[in-house]
Amino acid sequence: MSLFDLTGKVAIVTGGNGGIGLGMAQGLAGAGARVVLSGRDAAKAQTALSRLGPDAAFIAADVTKGAACRELVAETLARFGRLDILVNNAGTSIRKMPQDFTEAEWHHVLDTNLTGAFLCSQAAYPAMQAAGGGKMINIGSMMTLFGAPYATPYAASKGGIVQMSRALATAWAKDNIQVNAVLPGWIDTDLTRTARRQVEGLHDRVAARTPAGRWGVPEDLAGVAVFLAGRGSDFVTGTAIPVDGGYSIAT
Ligand code: NDP
């Protein structure tokens, strides 16, 4: 059997109704997995589903709410009978100087990017443990590695994603659950289209610094998702893999 064959596997991708999540979902579906896209916006999900074929489904969930994460997992199990792969991809950002954030804005970013990933991981654990294993893939960022003046809560959440992944990896290795992070470089999505409107010169600075010479596209994340979701990565856990066209190793 191929190291990258996901036939028979079931995956949840939070925030999979667009952007990077959809790029990863397309990779997983292409390798044979049945994929549940999640998010809050059901209308956006219809376009996404049309790219994944008849075995995919959308289940609405707001990852900031623990009960919603548990319902997402329960409904996936009810409809598909198993859960093998969880991609914690749902994310958001608010761009401001640190002194200008309200307490509510800080919590909104942390709750979505970090607490949401924890709550979904916690919700998925019992099913994966009972089945004898599973794969969790958490989405960090270049802001895991670098700072930026306008990204304090976002950077805090994405740094936290890597430390959370390491902690979960140590806790659940005995259950044959591998937990890894992916650190995307600058990828062309709704999120970064807003950033490019708000941060002057961002588009050109990123392209100039990236050795690959371009912004990424969501499909650039498909391969790493398949690797981290399949048995080819069974001895890979607690790590953080940049997928960034070389951005993080360039001066
Ligand atoms: P998008 O804005 O295209 O996607 C974000 C997704 O998250 C949306 O599908 C959105 O769906 C979902 N989402 C947001 N809040 C919630 C919530 N409370 N509950 C459930 N789903 C939610 O951005 P990207 O594709 O760029 O971002 C995806 C991930 O990749 C994020 O974690 C982001 O931080 C990370 N990332 C992005 C980079 C980039 O350059 N684009 C670089 C590095 C990391 P809905 O609105 O329907 O809820």
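The model is predicted. In it, helix H4 packs with helix H5 at an angle of about 15°, while helix H1 packs with helix H8 at about 55°. The ligand is surrounded by 29 residues. Thr 144 is located in the loop that joins strand S5 to H5.

**Packing of H4 with H5**

- Helix H4 spans residues 103–131 and helix H5 spans residues 152–172; their axes are 8 Å apart.
- The angle of about 15° between the two helices falls under 35 degrees, so H4 is roughly parallel to H5.
- H4 and H5 cross in a right-handed sense.
- On the H4 side, the residues in contact include Trp 106, Leu 110, Leu 114, Phe 118 and Tyr 125.
- On the H5 side, the residues in contact include Tyr 154, Lys 158, Ile 161, Met 164, Leu 168 and Trp 172.
- The residues of this contact comprise 14 nonpolar, 6 polar and 1 charged.

**Packing of H1 with H8**

- Helix H1 covers residues 19–30 and helix H8 covers residues 222–229, with their axes 7 Å apart and an angle of about 55°.
- At this angle, H1 is oblique to H8.
- The crossing of H1 and H8 is right-handed.
- H1 contributes Gly 23, Met 24, Gly 27 and Leu 28 to the contact, and H8 contributes Ala 222, Val 224, Ala 225, Val 226 and Ala 229.
- By class, 7 residues of the contact of H1 with H8 are nonpolar, 2 are polar and none is charged.

**Surroundings of the ligand**

- Among the 29 residues that surround the ligand, the closest are Asn 17, Arg 40, Asp 41, Tyr 154 and Thr 189.
- Tyr 154 also belongs to the H5 side of the contact with H4.
- A polar backbone atom of Asp 41 lies 2.7 Å from an oxygen atom of the ligand.
- An oxygen atom of the ligand is 2.8 Å from a backbone N or O atom of Ile 20.
- In the side chain of Asp 62, an N or O atom is 2.9 Å from a nitrogen atom of the ligand.

**Contacts of Thr 144**

- Beyond its neighbours within four places in sequence, Thr 144 is in contact with Lys 158, Gly 159, Val 162 and Leu 183.
- A polar atom of the Thr 144 side chain lies 2.8 Å from the backbone oxygen of Lys 158.
- Lys 158 is also one of the H5 residues in contact with H4.
- Thr 144 and Gln 163 are separated by 19 residues in sequence, and their C-alpha atoms are 9.9 Å apart.

Conventions. Residues are numbered from 1 along each chain as its sequence is written. This is a predicted model: local features need pLDDT of at least 70, side-chain atom pairs count only at pLDDT 80 or more; totals for chains, interfaces and linings use all residues. Side-chain values use heavy atoms; hydrogens and water are left out. Axes are lines fitted to C-alpha atoms, for helices over the stretch in contact, and angles run from 0 to 180 degrees between N-to-C directions. Helices (H or I, at least four residues) and strands (E, at least two) are DSSP runs, numbered from the N terminus. Angles under 35 degrees count as roughly parallel, over 145 as roughly antiparallel, 65 to 115 as roughly perpendicular and the rest as oblique. A crossing is left-handed if the near helix is turned anticlockwise from the far one by less than a right angle, and right-handed if clockwise. Contact means heavy atoms within 4.5 Å. Ala, Val, Leu, Ile, Met, Phe, Trp, Tyr, Cys and Pro count as nonpolar, Asp, Glu, Lys and Arg as charged, and the others, Gly among them, as polar. A residue is near a molecule or strand if one of its heavy atoms lies within 4 Å of it. A polar contact is a pair of N or O atoms within 3.5 Å; within protein, one must be able to donate a hydrogen and the other to accept it, and residues adjacent in sequence count only if both atoms are side-chain atoms.
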